[in-house]
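Biologist: I am new to this structure. Please show me how to read its features.

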Amino acid sequence: MAGNIQITTGWYFFLLSLVGACCGLLYSVFKGEGEPLIASLGFSGIAFAATYCLICWLGDEFKRVGLKGRDASKADRRELPETMGAVCAVVYLMVMIIFIPFPFYEYFVASTSGGGNRDVTVEMVETGRKLHRFPHNKLGEYLSALLSLQSMAILGIADDLFDIRWRHKLFLPAIAAIPMLVMYYIDFGVTNIVVPLRLQPYLGQLVNLSWGYYVYMAAIAIFCPNSINIYAGINGLEVAQSIAIAVFIMINDLMYISVVGHPATDSHLFSLYFLLPFLGVSMALWIHNKYPSKVFVGDTYCYFAGMTFAVVGILGHFSKTLLLLFIPQIFNFLYSAPQLFGLVPCPRHRLPRFNVRTGLMEPSRGQFMRPPKWYISLALKTLEKLGLIKLWTDDNGTVLEFSNMTLINLWLVRKGPMREDKVTRGLVWLQMVCGALGLFIRHKAALLVFPHDNLKLADFEKLVTVV
């Protein structure tokens, strides 16, 4: 076989069966009423099979052109193909392009006379025939989302190829987000936020953030890709956390879709159309990237995954809910801030250190080249007393080294040295617990602060009345 990963006979049989079943689903869609959610499910299975096979077949080719790296967390420091997230992104984008007609099937076949021709539709409505206009705004949302994802994938590949510095690439996602922000302005344009109950006597029920809301959405687009990128570095973590986030977003989507006649149904269907194929390609990559990893995902996957979440959160109009599903990533960013902003030394890579003798992962260290200022030393020693960092000092109590400030290293500080796969498993469970907590806060605890939960149809109608 051309690739460095062998596809077993059992896997060939499984993948062929999966593709056959998915083709059957797509055939049933064509023979039926063109249900796009079933079509998306079918394309997701095909995307899984295509990604799985391409990663196997292209591994040697990636290594041949220099896209390779050594796994520093293994005793043999094996050489693995890198940037396999690019394979996921390309397969995903191709599938989403082929999927374009399916969400609008009813307008092509049933509800309009000519694929959504504006003039014909208007004329027929005026003569009394009940036909719907083609939803050009929805098509615009879909295409703007694809354009943002394509832009982010290109920027991610550029980062993997040229190793762009953090200060240069930090704001690149904001550029990729411009198409969907423009579409949000044209189609939706709502910049009001609901005011918490205790502040409503002073600020009213709603506050209009105007252009500030677009700054907030651009910040979401910057945060989601970068937060996954800095919460990475051990086998399977980047992909597993993304799968967990996607699953909880889909659970939230299904909660809204299950409410018959809910006005937000289309927005959450839009989210599912993008997340189902994403789940397919991510599962295929995770199988190869989990411990012991056979490939590295590269920065491309982190940016592509984060932008996928930003797209569905912004264009699906649930960006605040999205942030509640990023609790570990938010904590990791805040915890890392002293190093990211240069308050304490920040090495080029902050991955946990692999102890060759024990075979276990240990917290990696940042080192002071000169004694830290008194307030930095006080802050670090306070964090040590709280169990949030580990310090190494000299006989005089001067801080010489500290455990790098990432959630991965903190997990090892709290739990002690452990094998790499156990670290990943623990952090993924943490992601899932935080995801469940986020949904609970959004739909239950938030009622202590806000007057309505728009999941309930009656509350949604009240909120629309206020707006």
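Modeller: Start with the elements. Helices (H or I, at least four residues) and strands (E, at least two) are DSSP runs, numbered from the N terminus. Val182, for one, lies in helix 9. This is a predicted model: local features need pLDDT of at least 70, side-chain atom pairs count only at pLDDT 80 or more, and totals for chains, interfaces and linings use all residues. Residues are numbered from 1 along each chain as its sequence is written, and side-chain values use heavy atoms, without hydrogens and water.

Biologist: How do I read two packed helices?

Modeller: Use the angle between their axes and the distance between the axes. Axes are lines fitted to C-alpha atoms, for helices over the stretch in contact, and angles run from 0 to 180 degrees between N-to-C directions. Here, helix 9 (residues 178-187) and helix 11 (residues 211-230) have axes that come within 11 Å and cross at roughly 145°.

Biologist: Which residues in helix 9 and helix 11 meet?

Modeller: Contact means heavy atoms within 4.5 Å. From helix 9, Met180, Leu181, Tyr184 and Tyr185 meet Tyr213, Tyr214, Met217, Ala218 and Ala221 of helix 11.

Biologist: What about backbone angles?

Modeller: Most residues other than glycine have a negative phi, and most peptide bonds are trans. Arg77 has a positive phi, near 45°. Arg77 sits in the loop between strand 1 (68-70) and strand 2 (79-81).

Biologist: Where is Pro292 found?

Modeller: Pro292 is in the loop between helix 13 (265-289) and helix 14 (298-315). The peptide bond from Tyr291 to Pro292 is cis, with omega near -10°.
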